[in-house]
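Please look at the sequence and the three-dimensional structure shown here, and keep both in view while reading. The paragraphs after them are meant to be followed with the structure at hand.

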Amino acid sequence: MAIFLQAATNGLLLGGVYGLVSAGLTLIFGVMRIVNFAHGEFLMLGMFATYWLGRASGLHPYVLLVPVGVLMFGVGLLVQRALIDRVLGRTDEAQILLTVGLSAFLQGAALFVWGADYRTIPTPLASASVAVGPVYLSVARLVAFGVAVVLAAGLYVLLVRTDLGRAMRAAAENREVALLLGIDTGRIYRLAFGIGTGLVGVAGALMAPVLATFPTVGTLFALTAFVVVVLGGMGDIVGAMIGGMIIGVTEALIATYVALDLAPLATFLIFLLILLVRPQGLLGKGRV
Amino acid sequence: MTPGESPPLAHPAEGLAPAGPRASRMARRRGLWAAAALAALLLVPFWLSDRYVMHLWVTFYLFAALALAWDLIGGYAGQLSLGHAAFFALGAYTPVLLLQRWGLSPIAGGVLGAALAAAVAVGIGSIVFRLRGVFFAMATIAFAEIVRALLLHFRSLTQGDNGLAIPFTGERPLDLMFRSEAPFYVIALGLVVVTLAVTARMRRSRIGYYLRAIRDDQDAAESLGVVSRDVKLAALVASAALTALGGTVYAFDIGFINPDSTASLGLSIEIAIMAIIGGVGTLAGPIVGAGMIVALTQITNAALGSRGGASTALYGLLLMVTVLLRPAGLAALWSRPTGRRGERRGAA
């Protein structure tokens with residue numbers, strides 16, 4: 001039982017970060033109907049930014065959450081403006097290929113500039129843990145989970161309660177009508193892409209003390225995020241968080257009880273199943 | 001159906017050869033040129049003594065064949081598969097395992113690998129072809145990742161991460177073991193010829209027209225009586241079998257396979273990119289694309305040293321430029337008119 005609880009808790013904590021990564025992806029999809037295949041590379045960039053800013057300034061990774069988030073928000077604005085905007089309204093294939101190209105570019109460039117080494121940020125946090133009953137919680141993972149949940153909740157409130165959020169939902173619902181209502185959809189798209197990218201950048205900063213940083217670190221996160229987004233319903237923030245935790249726990253249990261390397265297999269089988277049986281996601285209609 | 005017959009669903013842009021005696025004269029002349037070109041290419045190994053350069057040619061032919069095979073489903077049918085590495089891996093692992101366990105000649109093993117890939121294609125195709133657009137692409141990625149996870153997991157069979165080495169045990173042609181690189185030159189060139197022949201035949205066949213009709217508008221094609229699922233399955237089966245043969249050639253040319261080199265998302269993407277950059281739905285496009293990527297990799301490696309990444313970054317850049325600038329003549333895949341945003345298709 002202790003083993004089960006430990007595995008489930010670890011899965012839940014990592015699942016929160018999956019949820020945050022997926023929230024960014026699903027926000028972008030919900031508002032502009034773009035599946036960003038370079039999303040994992042933004043996570044990788046967030047991790048590298050944390051690593052290098054930390055080396056340069058000596059600041060703790062958690063202090064860097066804000067600057068890294070802002071930096072990645074800016075990167076998102078730029079990418080939307082320079083690239084994504086040009087394929088809006090074109091075929092799915094054009095959109096997929098553009099972001100696949102961006103993903104290959106960023107991954108290759110990171111490998112070329114920074115090399116393939118695994119870099120770790122030495123903090124006492126990495127090994128610190130607290131005992132709750134029979135379960136040991138890693139402090140760094142606990143913090144990552146907490147920040148992820150708070151940010152996702154913040155995004156939800158932004159979408160539901162603020163004018164900007166209402167404008168985003170309107171643009172998601174119907175671009176032409178939103179334009180007629182005086183909503184600057186170009187600005188909305190830039191903000192949505194910027195926020196989605198900023199969130200995944202923060203997720204990278206949260207993971208930097210936990211995982212090694214290397215050029216292909218984003219791939220598995222991105223693939224997992226696709227699964228989570230489809231599971232939670234495309235464009236659904238709450239669904240992304242719940243889906244992230246479901247996948248996190250499932251992976252941890254499979255890794256513990258079946259085999260470590262079959263955890264991704266289970267994730268992708270769930271994915272194919274969901275796509276076929278319930279493409280609108282477990283939780284029903286999108287609710288961006 | 002013969003080339004002269006009028007196709008049920010001709011695509012106006014595909015440029016059918018004009019019928020009559022002039023057409024057959026043109027076809028004969030084209031056949032002569034092709035034979036001459038092939039003969040010239042077959043002479044290359046005689047004046048190439050450098051093993052490394054010869055290996056580059058093999059790599060070029062291999063990627064050209066893979067890109068052509070991908071084009072059958074990715075280009076002609078417009079189904080953007082990002083999971084073709086899975087078929088490649090089946091074609092690589094099957095003959096290596098059969099040779100190591102039972103001493104079966106990889107010539108037979110390669111055929112069995114292709115048959116296995118075709119069978120898997122039928123299974124996976126009947127699942128993923130219910131999906132469209134981005135969901136289809138994601139499902140093909142998931143399929144390839146499942147194959148990769150299985151290869152990593154069953155270590156007793158595949159050695160997992162460590163991969164399988166094919167030790168050289170002397171010149172044994174039946175086991176595809178050669179001291180020289182020249183035989184692989186001929187084998188890889190042969191694979192390109194076979195793939196080209198399959199593609200050319202498919203283009204002129206009923207299925208070829210059906211595929212292009214599906215690519216242009218699946219619903220319209222269905223309403224005209226095309227059973228899109230069966231047609232796409234036929235294309236995927238051919239594509240998978242040819243891709244698997246590529247895996248066999250790769251395995252025995254290199255002498256080492258592992259899940260990362262044969263079943264990775266990176267390989268799936270690379271195959272697709274070559275066809276797309278060169279121009280999908282044409283005979284020359286995938287070959288040109290493969291040549292460009294192989295040359296680009298060589299040039300960047302020579303210019304920037306062995307440090308990895310530069311060539312990947314460049315082909316990513318090249319893909320973005322291709323998509324954004326949409327040069328005329330390239331890729332029907334994204335030049336077809338799109339519906340308005342709200343009307344675009346999501347899941348089936």
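This is a predicted model: local features need pLDDT of at least 70, side-chain atom pairs count only at pLDDT 80 or more; totals for chains, interfaces and linings use all residues.

A place to begin is helix α3 of chain A, which runs from residue 65 to residue 82. The residues of α3(A) that are buried are A:L65, A:V68, A:G69, A:M72, A:G76, A:V79 and A:Q80. When one looks down the axis of α3(A), these buried residues fall within an arc of 105 degrees, and therefore they line one face of the helix. On the other side of α3(A), the residues A:V66, A:V70, A:L78 and A:R81 are exposed. What, then, covers the buried residues of α3(A)? The cover includes five helices of chain A, namely α1 (2–32), α2 (39–57), α4 (92–114), α5 (139–161) and α8 (185–207).

After α2(A) comes A:G58, which has a positive phi, near 75 degrees. A positive phi is also found at A:R33, where the value is near 60 degrees although the residue is not a glycine. A:R33 sits in the loop between α1 and α2 of chain A, and because its relative accessibility is 35%, A:R33 counts as partly exposed.

Turning to chain B, the reader will find 14 helices and two strands. Chain B has 348 residues, of which 52% count as buried. If one takes the contacts in chain B with a separation of 6 or more, 76% of them are accounted for by residues 24 or more positions apart.

Two packed helices are described by the angle between their axes and the distance between the axes. In chain B, helix α4 (residues 106–128) packs against helix α5 (residues 133–153) at an angle of about 145 degrees, and their axes are 10 Å apart. This crossing of α4(B) and α5(B) is right-handed. From α4(B) the contact is made by B:V120, B:I124 and B:V128, and from α5(B) by B:F136, B:A139, B:T140 and B:F143. Six of the residues in the contact of α4(B) with α5(B) are nonpolar, one is polar and none is charged.

Helix α4(B) also packs with helix α10 (residues 228–254) of chain B, at an angle of about 145 degrees and with the axes 8 Å apart. The crossing of α4(B) and α10(B) is right-handed. Among the residues that α4(B) brings to this contact are B:G110, B:G113, B:A114, B:A117 and B:A121, while those of α10(B) include B:L233, B:L236, B:A240, B:A241 and B:F252. The residues of the contact of α4(B) with α10(B) divide into 15 nonpolar, five polar and one charged.

B:L164 belongs to strand β1 (residues 164–165) of chain B, and because its relative accessibility is 4%, B:L164 counts as buried. Beyond its neighbours within four places in sequence, B:L164 is in contact with residues including B:Y93, B:L97, B:Q159 and B:F256. Which loop holds B:Q159? B:Q159 is in the loop between α6 (155–158) and β1 of chain B, and its phi is positive, near 65 degrees, in a residue other than glycine. With a relative accessible area of 37%, B:Q159 is partly exposed.

The last stop is B:R179, which lies in the loop between β1 and α7 (182–204) of chain B. Is B:R179 buried or exposed? Its relative accessibility is 56%, and therefore B:R179 counts as exposed. Not counting residues up to four places away in sequence, B:R179 touches B:R51, B:F168, B:G170 and B:E171. From B:R179 to B:V128 there are 51 residues in sequence, and their C-alpha atoms are 43 Å apart in space.

Methods
Residues are numbered from 1 along each chain as its sequence is written. Chains are lettered from A and ligands numbered from 1 in the order in which they are written. Side-chain values use heavy atoms; hydrogens and water are left out. Axes are lines fitted to C-alpha atoms, for helices over the stretch in contact, and angles run from 0 to 180 degrees between N-to-C directions. Helices (H or I, at least four residues) and strands (E, at least two) are DSSP runs, numbered from the N terminus. A crossing is left-handed if the near helix is turned anticlockwise from the far one by less than a right angle, and right-handed if clockwise. Contact means heavy atoms within 4.5 Å. Ala, Val, Leu, Ile, Met, Phe, Trp, Tyr, Cys and Pro count as nonpolar, Asp, Glu, Lys and Arg as charged, and the others, Gly among them, as polar. The expected span of a helix is 1.5 Å times one less than its number of residues. Buried means under 20% relative accessible area, exposed over 50%, partly exposed in between (1.4 Å probe, protein chains only). The arc is that of the directions from the helix axis to the C-beta atoms.
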